[in-house]
Amino acid sequence: MRHITADTAETERIGAIAAQALADIHGAIYGQPPQATRAWTDGDAILLVMRLPADVAAENAEPPLASMQRMVGAAVERRTGVALRPASNSADSQRGLVVLAFERVRVRSEEQDLGRAPAGPVRGSG
């Protein structure tokens, strides 16, 4: 049995937001939404899969994957405050599929660092 933790649920929510951002970006670039977008998450990993519309896929032109991936990351950070690190991306124009991979970047809070001495020289200590 798999237990869903708060972190897992949060990453799943971020994945859903990323999938919607990808659909919105595709619509802005091509003037029409994709046939489908899906997000899968595992730990901090997020995998987005997009099915291109038949007419876009028939053109056999590879979409600007790196640009789309950066735009998805920016949209997710703007909407959630969570940064995504782009990983790999690929497109299969014959099947009309695009795959974008991300890693959720966890920022350590200052609360976790309480009690730690700063590194570096200590000035005025004697």
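View 1. A salt bridge is a side-chain nitrogen of Lys or Arg within 4 Å of a carboxyl oxygen of Asp or Glu. Both residues lie in helix α1, three residues apart, about one turn of the helix. Helices (H or I, at least four residues) and strands (E, at least two) are DSSP runs, numbered from the N terminus. Please keep in mind that this is a predicted model: local features need pLDDT of at least 70, side-chain atom pairs count only at pLDDT 80 or more, and totals for chains, interfaces and linings use all residues. Residues are numbered from 1 along each chain as its sequence is written, and side-chain values use heavy atoms, leaving out hydrogens and water.

**View 2. Two further salt bridges, out of five in the structure.** Arg79 and Asp24 meet through their side chains at 3.5 Å, N to O. This pair links distant parts of the chain, with Arg79 in helix α3 and Asp24 in helix α1, 55 residues apart. Arg79 has 42% relative accessibility and counts as partly exposed; Asp24, at 37%, is also partly exposed. Asp92 and Arg95 make another salt bridge, 2.8 Å from N to O. Of these two, Asp92 is partly exposed at 26%, while Arg95 is exposed at 53%.

**View 3. The two sides of helix α3.** The 16 residues of α3 should span 22 Å at 1.5 Å a residue, and its end C-alpha atoms agree, being 22 Å apart. That expected span is 1.5 Å times one less than the number of residues. Leu65, Met68, Gln69, Val72, Gly73, Ala75, Val76 and Thr80 are buried in this helix. Seen down the axis, the buried residues of α3 fall within an arc of 165°, so they line one face of the helix; the arc is that of the directions from the helix axis to the C-beta atoms. Arg70 and Arg78 are exposed on the other side. After the helix comes Gly81, with a positive phi near 80°.

**View 4. Strand β2 and its partners.** β2 pairs in the antiparallel sense with β1 (residues 36–42) over seven bridges, and with β4 in the antiparallel sense over seven bridges. Two strands pair if DSSP finds at least two bridges between them. Thr37 stands opposite Met50 of β2, and Phe102 in β4 is the bridge partner of Ile46. In the hairpin of β1 and β2, with two residues between the strands, Gly43 takes a positive phi near 65°. Ile46, Leu48 and Met50 make up the covered face of β2, whereas Ala45, Leu47, Val49 and Arg51 make up the uncovered one.

**View 5. The largest nonpolar core.** This core has 21 residues, and those with the most contacts inside it are Leu22, Leu48, Val72, Val76, Leu100 and Phe102. Helix α1 gives the largest share, six residues. A nonpolar core is a set of buried Ala, Val, Leu, Ile, Met, Phe, Trp, Tyr and Cys residues joined through side-chain atoms within 4.5 Å. Leaving aside neighbours within four places in sequence, Phe102 is in contact (heavy atoms within 4.5 Å) with residues including Ile46, Leu48, Val72 and Leu84.

Note on methods. Buried < 20%, exposed > 50% of the residue type's maximum accessible area, 1.4 Å probe, protein only.
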